[in-house]
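Here is a briefing for a reader new to this structure. It goes topic by topic, in short points.

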Amino acid sequence: MVVSSLLGKDFREHRLAAVLLAAGTLAMTMLMLAWNRQAPYSMSPFEIVRFALLSFLPLIALITGNRLIVREYLSGTRQFVEALPMGRNLPLLLKYLTGLLYLCVLAIMMVALAAQQAGVTDDLTTDYVVLIMIKTLVMTSLYWSVVFCFSLCGHLRIALYLLGAALVALIAWYPGIDPDRVAPFALMDDQLFVFERDLIPWRAMQGTLLIAGLFTLAGFTLSRIGEGSLVERLAKPMTRRDYVALGVLAASGLTVWSTLLEQKTRPPVEFSSEYVVRLQDPAVSVLYLEDQYEVDGRKLAERISESMRSLQASLGLVALPDVKLVLDPEREPHEIDYATADGVFITANWLPHDSYDDAILDTVILHGVLSAQTAGRAMFEPYHWVLDGFTRWWVEQGASPLRDEHRSELLARALWVMDIDPEAQQLIDRWQLIADRFAYPGAESLAWSAMTFLEESRGRERVLALASEFLLSPLPDSIFGTIQDRRIDATQRVESALDMSLASFYEQWQAWLHEQQQAPGVQAMLSSIPALQGRLASRSTPDGVQELEASYEWRESRLGLLTDIEAADGRCVLKHDYIGPFDTEIEVSNDYEDEATCRVGETVHVLNSLYSPGDRVYVALDYEDSVFHQPLRLHAERMSIP
Amino acid sequence: MISLIAKELRQLRPIAWLWLAVLVLGYGMQFLTERVDEQTFGSWCEGYCEYSSNAAVAVFLVLLALVTAYSLFPREHDEATIDFLRALPVSRAAVFTAKVLAAWLLLCAINLLSYGLDRALLASNPESIGGLFYEQVWFTLLWRDCLFMFIVLAHGVLLSWFRTLGLILYSLYLIGLMWAESALGSAGNWSIFALLSNQYEGSHLVVNSSGLIIHTLVAVLVLLVAYRLWSRTETGGGSSRRSRRGLKIVNGFFAVAGFIVLGLVMIYRIGVDTGTAPSDDLTVTATDHYRFVYPARRESVVQYIVEHAETDLEALGEILGVDELPNIRVDLSASSEHAAGLAKWKKIQMDLDAFREDISQRRVLSHETTHVLQATESDRALAENYSAAKFFIEGMAQYTSFAIVPEVERRRSNWELASVAWQRQSIRFDDLIDAAAFSSRFDAELHYSLGDLWTRAMVNTCGLSSLGDFLRATGREEAVRDLPAAIFWRDTMRAIDCDLDTVNATWRQQMAELYEEVDIAQYPEFTDIVIQRDEQAQQIRISARLVDADADADADADADGNTVSVLPERFIVRIAGISTQLSGGVDPVFRGQTRGEGAEQRIEFLVPDYAIPGTRFRYQLGFTPSADARYYYESWRRGTAPASTGQP
């Protein structure tokens, strides 16, 4: 009698809304089923059931909970019901069952509609429909249990829903969390929910029901604490401060949790091929691919290992990262791929190398080693020149005597850079600009010449002191790392390591560099470089075709460069690539290039229809000959196509 | 008015603390995990400043504004505190305006604080290139975000009158936008997310001015409606029976209207979609592991497929080392313009109209069955690494299906096309393992043929069994999830004792050998591209000349006189989708026609202007090298169409 009265009251109060909501739900389901039926590659009408469970059924549960429970608790009308001689639990239990029943009926109708829509392609069997039905009801019971529990939390429920939504989003999308291990997510799996017909997901269903049970229990417990006084207190409006506190607490909790999840580890990658030379202490592995390349691979591994060992001893490094090298015989000699995500990982072709090419490769490897040593900080512009200069210096003359031909080539390139841009001596402030304008080889030669000057004028120990200042300590990846590193200005640190002012260092180094111009080997190298500079222009032809043109012209030089274009044996190469709207360091690849005979006073390169107004493009004009191992960058520009 | 605003700001203080707490938490995380002086403008802006727009960041801004809007009026009315305000000698309009202005000022202040802090942090980067600051972009983003906040705040003030129903209505609006983006490619200026879309002229950010103007005007109108509603709403305690009923009616009206609108959208969708074959003439046939459903009129081809299905499946199982073959349901009645088949877990759908030859249909079944086995053998783990493994997922399916059902000519043609793209567009393994980046630079269809060739290289290097071993290795219990693509590949290959670098070396060698055999004359290149707008026809006209690939290898050659020696059969242009990433869509394609003769001959593509909103767009030109071949697409290019004058 009492039960029927209570049910009757709820029925009278909510019948219109319930009917409208049900009609809307079913109408929407039918429309979606019709849409699904007509859509290309709609796999099954039961996908609509899954979609409904993920999208609007939670909303319907929310509305049902709001009407059935929240209203009564917030407005205080439950006290009239509780005053009736039937105990506190029965009205709540009836509300719980009413809501659950209502949602289950909706869910069953959705499944039934989908089943009715299913055609012969869906191979409809009783077992299959029952399986889908059970999965659907399990999820529905979870939704209702959550809504039931949260609805009893008064104004706090909104915060709880937001928190719940954030938790769901975190599990679903946060890298490192496997949603398949969380029962409701496993049950709602994109592939298995609809298309697994043979296996029953017992674990996922049990887990989901367990969570649903816990929420239900929490709801009933909440209503009993202090004979309902807690629920009553929660029904009182929350202050904004409460919301703030909750928001901060929730955000902090999620942050800590997601940080903890980052701690997962995995073993470092290793070569598993039999064509690998492995050396220990320091660990160097070389993958040489075929028997015929084994000798070269072994030589390389031993050379690198020896170089790293002596570097470790000289700088007092405690540990060194693993170095792995992969042979790629198809590559150009200086086409080197470099990664430091898992030790130092280099892909290159060392087969056609001469000693200068070997030095380039060894420098790249040590660059990676020392960069990893500082957790990447050595690449920061004010110190990057030390990293580049020191690694090349170490490879060339750190552990063995410097070869004359290497010295000549490096000095000639450094002089050529300084001849074009005297500002390039500002190693601390302009390193990225120097590398951008003259490419990595140009910048590196300049830094190497600075190190060599230091060695020759102040001794080897001074070079090691400079390296020790910037290349030894790993810097934390945090603002504390920044503060620790920037407490003392980079210039002061350099001056302290050099034991001289930066201005006099620049001055003496430049004077020394110009003296080196007189060396016959250097002069010979310089005289092979044509005194060219590049010029770029973007234009639209009368027909509307967008073209980017490049030409070359003579420039003044005091280095005795080549002034007869016919005598130049090299080729002029235009390299280009899109760059984004914001500048970052870029090393333009050889993928997009146009090679031509060098000519003066006329258009040499034309890029037709590749770029259009509004684009930003990096364009470099290189001179490639047989005298220098690496190209000389005659011109480089970051262009906005007008 | 100023004292009213000040009072409202005081009242909003807890909300301000909340947003400040969120900011502090964000900066706290940043400070604990990054060296702030290494951040560049590009890295600061990542995910928000790219071309097009990013819905994820926009959703956060929407939440920020909606929560603030909801804290303005409902509580004042529920707690009847609005009556005190109304008792003051100020108009209701002034109270309303003060509240909205205060909320907007708060949101602007939060924005300003955040942008100001970011600016200060970026200034700590002393690098000559990495430390560059883009004043115009920074300032434009700041004022655009403030305006966006105003627009959403206005929506929120109106929605808050409907309380929870308002949020449901907004959810429906978002669902509508998602649908529009997936179905139409874009929701245009209907979408609030389009307001945050970015376009650049060099480094200069160009905003969606028309969208911002329209939405700002709408927001002002929305505020007027909200004012009417809120100013006529009495407080909870003193509300009349009549007004409560009015509220109910309005709530009910909007709820019903919401469903009706969504329903109409879906009905429209049904009207425009392509259809499947009617189910009444479908027939069923089964083998040990397959259950086929097919249109009765396709009896002959299905008989051929069925005849070979079990032996092909067994062969597949053998290649992949499958212990227990699954039961698979195959629906042969599907229809699509975009794909010949689709597999999901243990179900396959195929479009029998996709190919003419029976053997091709049989091969498609093998291809899709491979996907089923990939899913079951890897326990769905391979699909979880979809971006890193897409080329392998499709490539392995190509490899196994061609191995079981040889279609020598088709495969050869695919390989040839892939080798040309590989050579000309400099495609590397690192490109393959990032599906999204690959699709933004190259033709996404190349995943199939390049993947086939890469799989071939893997088999040649590590043996046939490596394919199945790889699948099981991805699903192994100890496999770490969400690895970066390169590490995922190294980690998984290491688990099966197969060297990735050796496979890559083999792949490159095979690709180079293939390219050597290609008749390059069949693969000309587009040049002299002209983009014009035809206001009258509401079209963008893209026209280009075709020249032989080696014709302009050196600038010594004069390209003007060159004509193509082999004219392709068909031409196509693909325009990059312009969605706001709410949901994925398909890039629209348009056929091209030849115009003129000899040296004057050009290929002309007519693109409806709705496919290119604004002036900047990305496109890809393509052609078929021979009658039966797939389209060969050149790399993506960026184009600029002349701005519309608005006059036909």
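In this predicted model, three strands of chain A form an open sheet in the order E6-E7-E10. The pairing in this sheet is antiparallel. A second open sheet of chain A has five strands, with mixed pairing.

- Strands E6 (532–540) and E10 (603–608) of chain A stand at the edges.
- Each of these edge strands has a single partner strand, so one side of each is left without a neighbour in the sheet.
- From one strand to the next, the twist averages 20°.
- E6(A) pairs with strand E7 (residues 546–554) of chain A in the antiparallel sense, over nine bridges.
- Ser540(A) has Gln546(A), in E7(A), as its bridge partner.
- In general, the strands of a sheet pair through backbone hydrogen bonds, either parallel or antiparallel.

**The five-strand sheet of chain A**

- The strand order is E1-E2-E3-E5-E4.
- Here the edges are E1 and strand E4 (337–339) of chain A.
- Each has a single partner strand, so one side of each lacks a neighbour in the sheet.
- The twist averages 10° from one strand to the next.
- E1(A) and E2(A) are paired in the antiparallel sense over four bridges.
- Arg278(A) has its bridge partner in E2(A), and that partner is Ser285(A).

- Helix H13 (residues 294–315) of chain A lies across E1, E2 and strand E3 (323–327) of chain A.
- H13(A) runs at about 160° to E2(A).
- H14(A) packs on the sheet too, touching E3, E4 and strand E5 (344–348) of chain A.
- The direction of H14(A) makes about 160° with that of E5(A).

- Most residues other than glycine have a negative phi, and most peptide bonds are trans.
- The peptide bond from Asp281(A) to Pro282(A) is cis, with omega near 0°.
- Pro282(A) sits in the loop between strand E1 (276–279) and strand E2 (284–287) of chain A.
- Ala375(A) is not a glycine, and its phi has a positive value, near 55°.
- The loop that holds Ala375(A) runs between helix H14 (355–373) and helix H15 (381–398) of chain A.

**Where chain A meets chain B**

- The contact takes 122 residues from chain A and 117 residues from chain B.
- One salt bridge joins Glu335(A) and Arg428(B), whose closest N and O atoms are 2.0 Å apart.
- Helix H12 (residues 240–261) of chain A gives the most to the side of chain A that touches chain B, with 10 residues.
- By class, that side of chain A has 53 nonpolar, 29 polar and 40 charged residues.

**Salt bridges in the whole structure**

- Side chains of opposite charge can pair when their charged atoms come close.
- Over all chains, a search of the whole structure finds 73 salt bridges.
- Among them, Lys346(B) and Asp198(A) meet through their side chains at 3.8 Å, N to O.
- Lys346(B) lies in the loop between strand E6 (341–344) and strand E7 (347–350) of chain B, and Asp198(A) in the loop between helix H9 (192–195) and helix H10 (202–224) of chain A, so the pair joins two chains.

Notes: Residues are numbered from 1 along each chain as its sequence is written. Chains are lettered from A and ligands numbered from 1 in the order in which they are written. This is a predicted model: local features need pLDDT of at least 70, side-chain atom pairs count only at pLDDT 80 or more; totals for chains, interfaces and linings use all residues. Side-chain values use heavy atoms; hydrogens and water are left out. Two strands pair if DSSP finds at least two bridges between them. Axes are lines fitted to C-alpha atoms, for helices over the stretch in contact, and angles run from 0 to 180 degrees between N-to-C directions. Contact means heavy atoms within 4.5 Å. A salt bridge is a side-chain nitrogen of Lys or Arg within 4 Å of a carboxyl oxygen of Asp or Glu. Ala, Val, Leu, Ile, Met, Phe, Trp, Tyr, Cys and Pro count as nonpolar, Asp, Glu, Lys and Arg as charged, and the others, Gly among them, as polar.
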